[in-house]
Amino acid sequence: MTTGLLKLTDILPLPGPVWGPYPVRPASEMAPPWRGLLPRPAIGACRRIARRAETLAQAWQGKDDENWAADLQALRLDLRRRGLLPELIAETLAAAVDAAERTLGQTPRPTQLLASAVLLDNRMAEMATGEGKTLAIGLAAAVAGLAGLPVHVATANNYLAQRDAQRLAPFFAAFGLEVGALSGTDQDDAKRTIYRRDIVYATAKDLAFDFLRDRQTTAGAHPYQQAAAVLGGAAPPQLLMRGLCLAILDEADSILLDEADVPLILSRTVSHGARRAFMWQALALARKLEAGRDFRVIAADRSAVLTPAGDEKLAQLAAGLGGPWQRPRYRREAVNVALAGLHALHRNQHYLVRDDSIELLDEVTGRVAVGRVWSRGLHTVVALKEGLKPPAETETVAQTTFQRFFQRYWRLAGISGTLREARAELKAVYGSTVLPVPLHQPGRRRTLPPRRFADRASLFAAAAKRVAEFHAAGRPVLVGTDSVDDSQLLAAHLDRLGIGHRVLNALHDADEAAIVADAGRAGAVTVATRMAGRGTDIELDNAARAAGGLHVLNCQHNPSRRLDRQLAGRAARHGDPGSAEAWFVHGGVVAETADDLPAKAAAPRSGWLLRLPTQIAQWREEQRRSLLRRNLLEQDLHWEKRLAFAGSS
């Protein structure tokens with residue numbers, strides 16, 4: 001296994017005299033410095049590591065506790081001295097196989113070892129839903145942790161972070177590693193304690209904002225400047241993290257793509273009553289404008305723009321107002337924001353009203369985006385629209401994007417069931433290649449033809465009858481819907497048919513674990529918004545498996561092919577039977593460009609031709625969002641250069 005060559009990727013960015021007390025990739029670097037300098041081996045190299053680990057695992061299984069511990073200590077020293085060489089990765093994975101059997105009662109499959117080898121080579125592993133990503137990540141984290149690398153595992157939500165950390169804690173303890181998880185509500189002292197552990201599970205958002213807080217604490221000074229200041233008698237900065245050494249992203253596409261077009265803004269509350277009054281006036285003026293004539297709503301961007309006629313009418317309406325209302329550009333931008341809040345953002349689709357406040361919904365997962373707010377006065381507008389007291393005004397202290405933040409890690413890896421559609425962007429932005437991991441058993445999912453309906457009412461009426469068919473046959477059914485309103489509409493149809501069901505949306509997010517746990521029972525019916533429940537497994541009982549497994553009915557208008565595959569991937573896991581189909585309404589986000597196949601009646605249309613316009617529309621939307629992410633990244637880079645010019649890094 002020894003190659004005789006030491007790759008730059010094998011060198012470990014550990015906190016210390018070489019990499020500094022807080023390793024982080026310089027802001028000026030757009031991608032890993034070794035990209036293009038050295039050839040990257042194909043997946044065959046990772047397969048050889050996985051096979052070697054399987055062979056070596058037998059020797060570890062025969063060791064008594066004393067020899068096991070002694071050999072592990074020798075391996076730890078070797079890893080820290082020589083780095084993540086292929087032969088050392090294979091040996092450590094072999095020990096991890098035995099440790100998983102001893103502590104978890106699980107024997108890692110060859111495909112999980114392969115996925116772990118891919119992650120340790122700074123790649124993205126496409127591993128199908130239900131194939132054991134949690135343990136694969138754990139194996140890779142244990143190898144890196146034994147080598148001394150501080151490991152950050154980014155998960156989809158705080159519940160999964162805590163669940164996975166607790167589940168794998170005995171396994172990590174066998175390696176002498178400590179694991180911790182951020183809850184999303186931890187205070188700074190608790191965070192520092194957690195970040196000192198070898199492996200930390202957290203959401204990508206928590207990691208990014210804690211990094212921004214650390215940058216504020218040090219005022220952007222270089223780590224060596226901080227060290228020099230301490231030597232000169234200054235108090236050491238109270239940082240949260242130990243640097244950005246290695247990140248392993250669970251559901252990597254959700255983090256690096258779906259959530260990457262939202263800027264991450266660290267803000268503070270300010271008193272700005274005049275700004276709030278100004279937005280109240282903007283909302284009042286916006287209500288006097290006529291849709292189509294005075295303004296256009298751009299649903300895809302959740303924005304609105306004045307027409308020339310509307311601009312002229314606005315000038316007349318604001319003629320009696322003073323101050324900023326006499327500045328054409330300023331009043332135009334303010335009223336455009338107000339129009340977006342009135343007409344482009346909808347309750348129970350883009351946000352909830354709960355406890356007398358506005359809570360934003362994540363459009364990918366359907367969950368409440370805790371702590372997220374709209375900027376530029378939009379949050380104030382929506383609160384006023386709903387008759388609520390606007391929240392306190394905020395000002396930006398620091399900002400970044402997931403794209404820029406994860407570029408700052410010295411080592412970056414990820415795993416998801418849906419990566420291949422985005423492999424070009426992942427390579428261009430992060431320097432990461434995508435390698436496929438095969439199924440450990442042949443897939444048995446049947447994909448039924450798509451169907452299209454004239455309107456939502458006919459779709460959900462038919463969907464309820466479709467659910468009744470599978471329910472009567474004893475099969476569990478999962479229905480994906482776009483919004484809270486859609487899930488409740490379908491629930492009403494099911495009630496009329498007397499079909500028992502559970503709804504998983506942002507209003508019931510506290511019950512997510514319990515709802516998903518029951519979704520695989522024979523005859524169970526679950527209605528979920530977007531990908532609510534993503535990251536948790538739907539386990540079938542024997543009766544459900546015998547009846548034909550889980551059926552997934554996709555009634556979502558997904559903007560990308562990846563999201564279609566994610567939802568369909570809930571069915572037929574682990575070699576179980578199952579089926580999936582997609583139904584949609586003519587019009588909407590995806591079908592709006594399918595004018596070559598008009599739906600003039602309530603009767604559904606089906607057939608393979610329906611896939612083509614849908615896929616074309618999705619491709620266009622994917623390209624639009626990719627361009628949006630690239631523009632956002634360029635803005636972020638420009639912002640960083642301005643800070644660097646001012647003395648920050």
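The legends below describe close-up views of a predicted model of a protein chain.

In this predicted model, local features need pLDDT of at least 70, side-chain atom pairs count only at pLDDT 80 or more, and totals for chains, interfaces and linings use all residues. Residues are numbered from 1 along each chain as its sequence is written, and side-chain values use heavy atoms, with hydrogens and water left out.

**View 1. Confidence along the protein chain.** The mean pLDDT (the predictor's confidence in each residue, from 0 to 100) of the protein chain is 86, and 86% of its residues reach 70 or more. Helices (H or I, at least four residues) and strands (E, at least two) are DSSP runs, numbered from the N terminus; among these elements, confidence is highest in strand S3 (residues 179–181), at a mean of 98, and lowest in helix H22 (residues 588–591), at 40. Residues 1–6 stay under 50 in pLDDT, and the model gives them eight contacts (heavy atoms within 4.5 Å) beyond four places in sequence. The stretch 588–603 is likewise below 50, with 37 contacts in the model beyond near neighbours in sequence. Where pLDDT is low, the predicted coordinates should not be read in detail.

View 2. Seven strands, with parallel pairing, form an open sheet in the order S3-S4-S2-S5-S12-S1-S13, where two strands pair if DSSP finds at least two bridges between them. Its edge strands, each pairing on one side only, are S3 and S13 (434–437). Neighbouring strands of the sheet are turned against each other by 20° on average, direction ignored. Within the sheet, S1 (residues 124–127) and S12 (residues 411–416) run parallel and are joined by three bridges, and Met124 stands opposite Gly414 in S12. Helix H5 (residues 133–146) lies across S1, S2 (151–155), S4 (199–203), S5 (246–250) and S12, and runs at about 175° to S5; axes are lines fitted to C-alpha atoms, for helices over the stretch in contact, and angles run from 0 to 180 degrees between N-to-C directions.

View 3. Phe175 is found in the loop between helix H6 (158–174) and strand S3. Phe175 counts as buried because its relative accessibility is 1%, the classes being buried under 20% relative accessible area, exposed over 50% and partly exposed in between (1.4 Å probe, protein chains only). Leaving aside residues up to four places away in sequence, Phe175 touches Leu72, Arg76, Thr92, Ala95, Ala96, Ala99, Ala142 and Leu146. From Gln73, Phe175 is 102 residues away in sequence, while their C-alpha atoms are 9.0 Å apart in space.

**View 4. Arg404 in helix H15.** Arg404 has its place in helix H15 (residues 402–407) and is buried, with a relative accessible area of 0%. Its side chain is joined to that of Gln407 by a polar contact of 2.4 Å; such a contact is a pair of N or O atoms within 3.5 Å, where within protein one must be able to donate a hydrogen and the other to accept it, and residues adjacent in sequence count only if both atoms are side-chain atoms.

**View 5. His551 in strand S19.** His551 lies in strand S19 (residues 550–554) and is buried, at a relative accessible area of 0%. A polar contact of 2.6 Å joins the side chains of His551 and Ser579. Beyond residues up to four places away in sequence, the residues touched by His551 include Leu448, Phe470, Arg475 and Glu581.
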